[in-house]
Amino acid sequence: MGQEQKEYTWQLVAKMLAGEATRQELVELELLLRGNPDLHYPLQIITGLWRQSGPEEQKKAEEAFSKHLDRMAALHIDYEDGANGKRGEEGYIAERDQAGHSRTRRRRHLVGIGAGCAAAIALVAGLFLYRPSPGQPVKSSPAVASPLSEVITHEGSRTNLYLPDGTRVWLNAASRISYAKDFGGGGRREVTLSGEGFFDVTHNAAKPFVIHTARVDIKVLGTSFNIKSYPTEKTTEAVLVHGSIEVDIHNNTNKKVILKPNEKLIVDNDDSGSLLTRTVLHRAGSLVGHSPVTILKPNYEPITGAMIETSWIDNKLIFQDETFEDLARQMERWYGVTIRFARPELEQLQFTGSFEQETVKQALDALKLTAAFNYSLSGNQISIY
């Protein structure tokens, strides 16, 4: 990617973050990112700065950007465009003082977006766009290098990203995905997931795609599926939408499962027990036999036909015949709260419904219409009694 194309890409990123990009520009940006996987990591940094930045963070970002320009000047890295040094509405303008010495006047904004975003984008883009050419001497300076790229979502937030091969990943709340910076090297594409993610994997028969979780490894060639592997959950679940996946269950060398479309795999996270059949409550409300490894059909909402297991990628929390205990765990991640029960019997209340735009208070008030309980809310702490 040439210098001008890189700059144009970052302009599209700025417009996307500011909510000003057209549909055509978003499609163009997606194609540019697919063809240039080295931009994924800096884009993740910029997006995180944009989402988290307040007035104080914006001020710090501007100061950091100014210091970065000073470092670039000290290293003789050219940041000018043409002989007069003008950068239009981006970067800075180089001028001459009365003594003929060069001085710089920083631009504190980019057209159409906030100063904090501009500084953050310019800072990170500068780090990745204006690297010295090979062989250019550079003074040593402190650097932090990590062998992994990592994306983390906190409770109450969800996100999506593209991996360097074009695979798209949606991350649910309280989740983490990591992958090597040389992703795809060595003949395999490998990521590690903790939490819940939906994967739309780019097909590449020569490089299988492998997802590692605490309980299972999933190998695919090209497919769409959802996997839920939270450390606090009793089970790990995988739901296949289309294609095929091979699931390798840890600590069970003879157990590999091939999932077909519209199938759901449930694996007990407790592998210390025997293989005796256990009795559990199915979503439909009936008691069914359940072994530590079970294949079922996914669950669908009767009215809309939406698959319940993947509805979260559309920002919908759908639940069907769910116990209050299980629903509370989902709501904790969904809203970023902590829920405690005063009495054990309250955990066994069952609910069917869905939340989308509701606040946690509105959601609890709606649940109260169908069950006898009360609650108190203090900050992000909720008591059910």
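This is a predicted model: local features need pLDDT of at least 70, side-chain atom pairs count only at pLDDT 80 or more; totals for chains, interfaces and linings use all residues.
Phe351 and Phe373 form an aromatic pair of the edge-to-face kind, with 6.4 Å from centre to centre and 85° between the planes. Because Phe351 belongs to strand E20 (residues 350–355) while Phe373 is found in the loop between H7 and E21, the pair ties together parts that are 22 residues apart in sequence.

## The open sheet and its helices

Strands E19, E22 and E21 form an open sheet of three strands, in the order E19-E22-E21 and with mixed pairing. Its edges are strand E19 (338–341) and strand E21 (375–378), each of which pairs on one side only, and from one strand to the next the twist averages 15°. Between E19 and strand E22 (residues 381–384) the run is parallel, and four bridges join the two strands; Phe341 has Ile384 of E22 as its bridge partner.

Two helices lie across strands of this sheet. Helix H6 (residues 324–335) lies across E19 and E22 and runs at about 160° to E19, whereas helix H7 (residues 360–368) lies across E21 and E22 and runs at about 175° to E21.

## Aromatic pairs and a cluster

The structure holds 10 aromatic pairs. In one of them, the rings of Phe183 and Phe209 have centres 6.2 Å apart and planes at 65°; since planes over 60 degrees apart count as edge-to-face, that is the class of this pair. Phe183 is placed in the loop between strand E6 (176–180) and strand E7 (189–200), and Phe209 in strand E8 (residues 209–212), so the contact ties together parts that are 26 residues apart in sequence. Phe183 counts as buried because its relative accessibility is 12%, and Phe209 counts as buried with a value of 0%.

Phe183 and Phe209 also belong to one aromatic cluster, which they form together with Tyr179, Phe199 and Phe225.

## Nonpolar cores

In soluble globular proteins, nonpolar side chains tend to be buried together. The largest nonpolar core of this model has 28 residues, and those with the most contacts inside it are Val191, Phe199, Phe209, Ile218 and Phe225. When neighbours within four places in sequence are left aside, the residues in contact with Val191 include Leu163, Ile177, Tyr179, Phe183, Phe199 and Phe209, as well as Ser178 and His212. A second, separate core comprises 25 residues, among them Phe324, Ala328, Trp334 and Leu346.

## Charges over rings

Trp334, one of the residues of the second core, has the charged end of Arg158 sitting over its ring, 3.7 Å from the ring centre. The charged end of Arg333 sits over the ring of Tyr230, with a distance of 3.7 Å from the centre of that ring.

## Positive phi values

Asn315, a residue other than glycine, has a positive phi near 60°. Asn315 lies in the loop between strand E17 (293–296) and strand E18 (317–323), and with a relative accessibility of 40% it counts as partly exposed.

Asp321, also a residue other than glycine, has a positive phi near 50°. Asp321 lies within strand E18 itself, and its relative accessible area of 27% makes it partly exposed.

Definitions and conventions. Residues are numbered from 1 along each chain as its sequence is written. Side-chain values use heavy atoms; hydrogens and water are left out. Two strands pair if DSSP finds at least two bridges between them. Axes are lines fitted to C-alpha atoms, for helices over the stretch in contact, and angles run from 0 to 180 degrees between N-to-C directions. Contact means heavy atoms within 4.5 Å. Rings of Phe, Tyr and Trp (its six-membered ring) pair if their centres lie within 6.5 Å; planes under 30 degrees apart count as stacked, over 60 as edge-to-face and the rest as tilted. Buried means under 20% relative accessible area, exposed over 50%, partly exposed in between (1.4 Å probe, protein chains only). A charge sits over a ring if NZ of Lys or CZ of Arg is within 6 Å of the ring centre and within 35 degrees of the ring normal. A nonpolar core is a set of buried Ala, Val, Leu, Ile, Met, Phe, Trp, Tyr and Cys residues joined through side-chain atoms within 4.5 Å.
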